Amino acid sequence: MKAGYDFLEKKTHKISLFAGIIALSLLTMECINKFIFLLGTKREHLYRGTTLSYNWRFGKVSYTKKGTGSPILLLHDLSNIASSYEFKELEKKLSDTNTVYTIDLIGCGLSDKPKITYTNFLYVQLISDFIKNIIGSKTTVLTSNRSSSIGIMTCYIDPEQIEQLILVNPTDLNELAKYPKKKHKLLQWLFNLPIIGTFIYNVRNTHCVINTQFRNHFLSKDRPVHRYKEACFTSAHTDGSASRYIYTSIKCHYTNTTIIHALQNIDKPILILAGSEVSNIQATVADYMYYNPDISVSYISDTKEMLHIEDPAECAKQLLTFL
């Protein structure tokens, strides 16, 4: 009898110890999460003067408007660390001749970050509604990297809103064709866990990780772009744990869509601006031109994915020639 009691007591002790370790671990994770989000609430890194707000159906969308002339809408890269801040210098140069709109896509930057699964069609609706309700006339749309599919699908679905398209380093067509599988649904479930998922998100979006992205993908050389890096960190952590929902949607391919059919049937002028140092960019451009031979292409030397940050003057020159 006593032996059975001792066994039960030991089991209870082990279970209590194990539960205590789990509770302490979760508490530690939560404290780290709160500290990181506290660091990421310095919204001044994203503030660029007069910021306006568009009350869209899924939340408030932050945008700016500068200059006069024919309208051009700048769409930043589709990423949890991205915001319209990446167009800070380009916006200044284009506003001398055009009315320039920049927008923080829903889930990014200073815009609201609803806890939903983000899809390509969600963003197509946003851009179409924004042009109709805010700009009010046909607009030239410039996209950056992953937002290329948003611009193309908007032009295909609602062509009356688009004057012409400019694709800055558009995403590889094979990458856009990837779709969510069972493992991605499991990954989404993991990221959606309140404390653990948030902790994993924060680990994957540190200053170190962002610096690596700038060094390996965004810039061709080591340039003094501290403000842009800080803006990326702020965008990734503003609104706390809600920031992870767009990250998860992108990683699990929910924001992807096959654009080949749309690309084949668009009859608007399209310009691809490509960084000469982007990996496999020539093959990507060739794929786009295979499905739409009327696409114009211009390469900007010694630049990677963020060519409008590396060489805004040359970027603006090429754009104004096209416009």
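Of the 323 residues in the chain, 50% are buried, where buried denotes a relative accessible area under 20%, exposed denotes over 50%, and partly exposed covers the values in between (1.4 Å probe, protein chains only). The model is a predicted one, in which local features need pLDDT of at least 70 and side-chain atom pairs count only at pLDDT 80 or more, while totals for chains, interfaces and linings use all residues. Residues are numbered from 1 along each chain as its sequence is written, and side-chain values use heavy atoms, with hydrogens and water left out.

The chain comprises 14 helices and eight strands; helices (H or I, at least four residues) and strands (E, at least two) are DSSP runs numbered from the N terminus. Among the contacts in the chain with a separation of 6 or more, 80% are accounted for by residues 24 or more positions apart. Here a contact means heavy atoms within 4.5 Å.

Two helix pairs were examined. Helix H6 (residues 182-191) packs with helix H10 (residues 244-251) at an angle of about 170 degrees, and their axes lie 10 Å apart. Axes are lines fitted to C-alpha atoms, for helices over the stretch in contact, and angles run from 0 to 180 degrees between N-to-C directions. H6 is therefore roughly antiparallel to H10, given that angles under 35 degrees count as roughly parallel, over 145 as roughly antiparallel, 65 to 115 as roughly perpendicular and the rest as oblique. The crossing of the helices H6 and H10 is right-handed; a crossing is right-handed if the near helix is turned clockwise from the far one by less than a right angle, and left-handed if anticlockwise. On the H6 side the contact involves His184, Gln188 and Phe191, and on the H10 side Arg244, Tyr247, Thr248 and Lys251. By class, the residues of this contact between H6 and H10 comprise two nonpolar, three polar and two charged. In this classification, Ala, Val, Leu, Ile, Met, Phe, Trp, Tyr, Cys and Pro count as nonpolar, Asp, Glu, Lys and Arg as charged, and the others, Gly among them, as polar.

Helix H8 (residues 207-218) packs with H9 at an angle of about 130 degrees, with axes 10 Å apart. H8 and H9 are therefore oblique to each other, and H8 passes H9 in a right-handed crossing. His207, Ile210, Asn211 and Phe214 of H8 meet Tyr228, Lys229, Glu230, Cys232 and Phe233 of H9 in this contact. The residues of the contact of H8 with H9 fall into five nonpolar, two polar and two charged. Cysteine 232 is buried, at 11% relative accessibility. Cysteine 155 is likewise buried, at 3% relative accessibility. The structure holds zero disulfides, a disulfide being a pair of cysteine sulfur atoms within 2.5 Å.

Several loop residues were also considered. Histidine 76 is placed in the loop between strand S3 (71-75) and helix H2 (88-94), and at 0% relative accessibility histidine 76 counts as buried. Leaving aside neighbours within four places in sequence, the contacts of histidine 76 include Ala82, Glu86, Phe87, Ile103, Asp104, Cys108 and Ser147.

Lysine 115 lies in the loop between strand S4 (99-103) and helix H3 (120-135) and is exposed, at 56% relative accessibility. Lysine 115 and alanine 242 are 127 residues apart in sequence, yet 5.9 Å apart in space, C-alpha to C-alpha. Apart from neighbours within four places in sequence, lysine 115 is in contact with Ala242 and Tyr245.

Proline 180 occupies the loop between helix H5 (173-176) and H6 and is partly exposed, with a relative accessible area of 23%. Proline 180 and cysteine 252 are separated by 72 residues in sequence and by 5.7 Å in space, C-alpha to C-alpha. With neighbours within four places in sequence left aside, proline 180 is in contact with Cys252, His253 and Tyr254.

Most residues other than glycine have a negative phi. Aspartate 239, although not a glycine, has a positive phi of about 75 degrees. Aspartate 239 is found in the loop between helix H9 (226-237) and H10, and is partly exposed at 40% relative accessibility. Aspartate 302, also not a glycine, has a positive phi of about 55 degrees. The loop that holds aspartate 302 runs between strand S8 (296-300) and helix H13 (307-310), and aspartate 302 is partly exposed, with a relative accessible area of 40%.
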